[in-house]
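Student: I've got a model open on my screen and I'd like to learn how to read it. Can you walk me through it?

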Amino acid sequence: MRATLYAAANAMLMRSIAWSSLKAWGVRLMKIKGRRRAIVAVARKIAVVLHRMWIDGTEFRFGSEASA
């Protein structure tokens with residue numbers, strides 16, 4: 001699970017062209033803390049969002065309200 005979340009966060013930060021609030025946060029963090037720490041932090045945020053979706057039974061909504 002950890003490797004999959006890391007790969008998803010890495011793809012979001014390095015390869016994805018689409019911008020989101022989560023990607024913007026990760027890019028800002030990357031400038032301060034470095035690439036690997038930022039990827040781990042974004043992976044953790046993805047895990048938290050996925051967990052809340054699982055608990056609430058909600059569907060994913062791309063945009064700022066999905067990561068809030």
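Predicted model: local features only at pLDDT ≥ 70, side-chain atom pairs only at ≥ 80, totals over all residues.

Student: How many helices and strands does the protein chain have?

Tutor: Helices (H or I, at least four residues) and strands (E, at least two) are DSSP runs, numbered from the N terminus. Here you get four helices and zero strands, in the order α-α-α-α from the N terminus.

Student: What percentage of the residues count as buried?

Tutor: Buried means under 20% relative accessible area, exposed over 50%, and partly exposed in between (1.4 Å probe, protein chains only). In this protein chain, 24% of the 68 residues count as buried.

Student: Now the packing. At what angle do H1 and H3 pack?

Tutor: Axes are lines fitted to C-alpha atoms, for helices over the stretch in contact, and angles run from 0 to 180 degrees between N-to-C directions. Helix H1 (residues 2-14) meets helix H3 (residues 35-56) at about 115 degrees, with the axes 8 Å apart. Angles under 35 degrees count as roughly parallel, over 145 as roughly antiparallel, 65 to 115 as roughly perpendicular and the rest as oblique. H1 and H3 are therefore roughly perpendicular to each other.

Student: Which residues make that contact?

Tutor: Contact means heavy atoms within 4.5 Å. Among them are Leu 5, Tyr 6 and Leu 13 of H1, along with Ile 39, Val 42 and Leu 50 of H3.

Student: And how do H2 and H3 pack, parallel or antiparallel?

Tutor: Helix H2 (residues 21-33) packs on H3 at about 150 degrees, with the axes 7 Å apart, so the two are roughly antiparallel. Residues of H2 in this contact include Trp 25, Leu 29 and Met 30, and those of H3 include Ala 38, Ala 41 and Ile 46.

Student: Let's zoom in on Ile 39. Is Ile 39 buried or exposed?

Tutor: Ile 39 sits in helix H3 and counts as buried because its relative accessibility is 0%.

Student: What does Ile 39 touch?

Tutor: Leaving out residues up to four places away in sequence, Ile 39 touches Tyr 6, Ala 9, Asn 10 and Leu 13.

Technical notes
Residues numbered from 1 in each chain as written. Heavy atoms only, no water.
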